[in-house]
Amino acid sequence: MTDFHIRYGSEVADALRDGRPVVALESTIVSHGLPRPDNLRVAREIEQAVRDAGAVPATIGMVGGRLVVGLDDAELTRLATVDGVAKLSVRDLALAAATGADGATTVAATSAVAAAAGIAVFATGGLGGVHREAAQTFDESADLVTLARTPIAVVCAGVKSILDVGATLERLETLGVGVVGFGTRRFPGFFITDGGFDLDWSLESAEQVADVLVAREQQRVHHGGLIVANPLPTDEQLDPQLHDRTLADGLALLERDGVTGKAVTPYLLAHFHSATEGASLAVNVRIILRNADLAARIAVAAAARRA
Ligand code: PSU
Ligand code: MN
């Protein structure tokens with residue numbers, strides 16, 4: 001019989017067995033979110049940032065139909081460089097496995113797989129959310145509903161301003177997903193420090209975030225996710241005026257080219273990267289590296305509390 005079980009990288013398997021800190025990483029930002037050839041370099045840098053902070057990176061993806069937690073360098077290279085890598089949400093995982101596909105996991109799929117693997121912390125750039133035309137299109141990322149039922153802490157820089165940020169926060173509240181600002185009470189806007197909305201909760205240290213994870217485990221009441229919103233310092237954000245201009249142009253191009261559905265996020269990201277001549281890419285990379293570092297520190301603190 002064909003074996004579709006999750007395959008673990010050996011380093012990840014050892015760390016999970018020994019209760020050492022592990023941080024899950026997604027592959028959609030590598031295959032669809034960042035331009036080649038920078039994507040492979042950045043993918044490796046993200047893993048290194050996790051290691052530098054004392055945790056083991058577990059990049060998750062699908063290679064030839066096999067779901068892998070802890071891609072090795074050859075597998076990472078394959079997902080970063082070959083054409084036709086599918087963008088996989090949770091609902092696609094079994095379909096892609098049965099058809100032997102190469103696939104990159106979104107925040108939704110990565111969260112679900114990581115939680116199934118017993119990994120409690122996940123670092124990414126930005127979350128998917130409610131799209132601006134959602135009142136007509138119903139386009140809301142499966143990231144939201146998946147986090148409602150998945151016990152994982154996702155470190156991100158909020159949601160991109162290409163989305164309807166206010167509506168996304170409302171949906172997170174409805175869905176029962178915890179949201180906390182790291183060192184801030186303002187929800188970050190990915191490329192920009194301040195996404196324009198207040199948060200109810202703020203924490204100042206990785207140890208405090210780890211306490212939230214422990215509290216949830218001990219209370220056994222809330223079984224959903226926690227979004228740890230980690231803003232860029234203002235001096236590292238994309239120039240807000242450049243950001244607003246680029247966004248307005250990108251939304252107009254989206255309309256002109258008739259781009260819809262799951263192609264919207266990659267399309268707008270590519271537009272930002274080309275229209276800002278790399279400035280948004282540099283900011284995007286900084287976001288991910290900072291989030292990888294914070295996620296690793298949270299995983300380290302959580303492992304120490306469980307020991
Ligand atoms: N945010 C980024 N880069 C990305 C994504 C989000 O900065 O590449 C990806 C993530 O994998 C996220 C997905 O889960 O886009 C959301 O896509 P959709 O809106 O189709 O659910
Ligand atoms: Mn969508």
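Which hand does the crossing of α11 and α12 have, left-handed or right-handed? In this predicted model, local features need pLDDT of at least 70, side-chain atom pairs count only at pLDDT 80 or more, and totals for chains, interfaces and linings use all residues. Residues are numbered from 1 along each chain as its sequence is written, with chains lettered from A and ligands numbered from 1 in the order in which they are written.

The crossing of α11 and α12 is right-handed (the near helix is turned clockwise from the far one by less than a right angle). Helices are DSSP runs of H or I with at least four residues, numbered from the N terminus. Helix α11 (residues 240–257) packs with helix α12 (residues 264–275) at about 135°, the axes being 10 Å apart; axes are lines fitted to C-alpha atoms over the stretch in contact, and angles run from 0 to 180 degrees between N-to-C directions. Contact (C-beta atoms, placed from the backbone, within 7 Å) involves T246, D249, G250, L253 and L254 of α11 with V264, Y267, L268, H271, F272 and A275 of α12.

Helix α10 (residues 206–219) packs with α13 at about 55°, with axes 8 Å apart, and α10 and α13 are therefore also oblique to each other. The crossing of α10 and α13 is right-handed. Among the residues that meet are A206, E207 and V209 in α10 and L294, R297 and I298 in α13.

Beyond its neighbours within four places in sequence, V23 is in contact with residues including V50, A55, P57, F122, A295 and A299.

Key:
Helix = DSSP H or I, 4+ residues; strand = E, 2+ residues; numbered from the N terminus. Contact = placed C-beta atoms within 7 Å. Parallel < 35°, antiparallel > 145°, perpendicular 65-115°, else oblique.
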